[in-house]
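Subject: Structure handover, ligand shell and cavities

Hello,

The structure you asked for is below. My notes on the ligand site and the cavities follow it.

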Amino acid sequence: MGMSSRRDVAVVVGAGIAGLSASRVLADRFTRVVLLDRDQLPDTATPRRGAPQTNHAHVLLAAGQRALEELFPGLHDDLIGAGAVPFDPGTDLVFYRYGAVWPTDPIGLRLVSMTRPLLELTLRRRVAALPNVTIRDGVAVAGLAGQDRRVTGAVLDDGEVVPADLVVDCSGRGSRSDRWLSTLGLPAPEFLEVKIGVRYATRLYRRKPGELTSGVGVFVLPTPPAEKRVGLILPIEDDRWLVGLGGWHGDQAPTDDDGFLRHARSLPHPAIGDVMARAEPLTDAVAYQFPSSRRRRFERLRELPAGYVAAGDAICSFNPVYGQGMTCAAMEALALGRTLDRHRDVSAEFAREFYRAAADLIAVPWRFAVGADFAYPETTGPRPSAVTLLNAYSRRLQLVAQVDPGVRRTFTQVQHLITPPSVLFTPAMIAKVLRGPGRGRPGG
Ligand SMILES: Cc1cc2nc3c(=O)[nH]c(=O)nc-3n(C[C@H](O)[C@H](O)[C@H](O)COP(=O)(O)OP(=O)(O)OC[C@H]3O[C@@H](n4cnc5c(N)ncnc54)[C@H](O)[C@@H]3O)c2cc1C
């Protein structure tokens, strides 16, 4: 085995969902894995400074749960054991979309509701228990070491070089990959940005039985472009509710008591405000701004370095309202493992193949998220093709889903990324959608 096919050390930058998933995959394929994070990683399920989104609702889609379960067998049971709340999105979620609560019927998906810190802590414990993985927290990566288009390590902000045969950049949405690559004389990928001005505010409440009369949680989505507000209430571990309120294009829920409740009361369905009015708040409301969805097209770069790939939000950061980021990160980690298994060397060709696989995974959720966001005329940036037509089709399909259990089930499976969207465009489906919902739409 020559120098170029060494699989001694892999360094992962960032211990978020992407970094933890990647570390799991690399542990099977490298002698040693070093996972670096600039945060002090807590021993409890608490939000972190380096990932401020950990304060906010994180829904794990069915495809993400499957991918994480494949990476960490028994994860579902671990999460339930730690207090996560199981639910079937077909029966247990009050889902309000396009002017009505959707009727309930089982989808057969066993999802779990919990905080992002609990999911992260559970994964981190599993990764920390792997004998060949070292987690170093409180260390910030400042750049890459390398020469001749090969990355040979990560450089910490105190100048220490952590040598690596492969560096996987999972440093998130704020990744400095452009700058890091340019210091090695390499080009930065094309950058797509779709401005959506999404705002979140989140508050936790004590949860008591009977506070929500049906289901375990509520998700209220606006009808664009007239409505901009979104609301979510989810059961989380330790008998708490997580209430997330938000809006597109600057429609921010205030974080003071009255303003937060007022925003909930202005949603087109009363369930979230009703629970809030009765439940005891446990925290203040915390705000978060998400100005744009962002995507870096590494797969289109002509020159890629050997010994380096980016993954997770460092490639693509989606509008969080659709809950796709963690799922993509986990699916990309599985793709990373498969790509490594096909290549002797962590070469530029390996990187290209990985980015192509990642781009295939990202294509559908990116199209969903960005496409739906273009229903607002204020949204700016590169528009996917035929977006107006597809948004009109999607809206009509969802009106049909409100009255047709088969369409509802298929739509939900596509939304959870476990069924390809092509099933929404079969001749039979197109005929149903064109016929429309007829009478009998459910009421609000
Ligand atoms: C408000 C909000 C709500 C969201 N809701 C959902 C949801 O419902 N469902 C869902 O699937 N996704 C959701 N997401 C997206 C989700 O958070 C991410 O897609 C997912 O966590 C994958 O991110 P990541 O691991 O790539 O990056 P991150 O989770 O951001 O992790 C990056 C890590 O890198 C570390 N780091 C950064 N720079 C350095 C450095 N220089 N050196 C060392 N360490 C560094 C950080 O400390 C951090 O730990 C949401 C995002 C936001 C903003």
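Before the details, the conventions. This is a predicted model, in which local features need pLDDT of at least 70 and side-chain atom pairs count only at pLDDT 80 or more, while totals for chains, interfaces and linings use all residues. Residues are numbered from 1 along each chain as its sequence is written, and side-chain values use heavy atoms, with hydrogens and water left out.

Ligand site

- Asp313: a side-chain N or O atom is 2.6 Å from an oxygen atom of the ligand.
- Val141: a polar backbone atom is 2.8 Å from a nitrogen atom of the ligand.
- Gln53: a polar side-chain atom is 3.1 Å from an oxygen atom of the ligand.

On its own the ligand has 1000 Å² of accessible area, and the protein covers 95% of that (Shrake-Rupley method, 1.4 Å probe). Helices (H or I, at least four residues) and strands (E, at least two) are DSSP runs, numbered from the N terminus.

Cavities

The structure holds two cavities of 30 Å³ or more. A cavity is a set of points, on a 1 Å grid over the protein atoms alone, where a 1.4 Å probe fits but cannot get out; lining residues have an atom within 4 Å of a point. Grid points are joined across faces, edges and corners, and a volume is the space filled by probe spheres set on the points.

The largest cavity holds about 40 Å³ of space. Its lining consists of His58, Val59, Phe87, Val112, Ser113, Met114 and Leu234, with five nonpolar, two polar and no charged residues.

The second largest cavity has a volume of about 30 Å³. Ala18, Ala22, Ala311, Ala329, Glu332, Ala333, Leu336 and Phe354 line this one. H1 and H8 each give two or more residues to that lining, and H8 has the largest share, four residues. By class, seven are nonpolar, none polar and one charged.

Regards

Conventions: Polar contact = N/O pair within 3.5 Å; in protein donor to acceptor, adjacent residues only side chain to side chain. 1 Å grid on protein atoms, 1.4 Å probe; cavity = no way out; pocket = protein on both sides within 12 Å on 5 of 7 lines; lining within 4 Å. Nonpolar A, V, L, I, M, F, W, Y, C, P; charged D, E, K, R; others polar.
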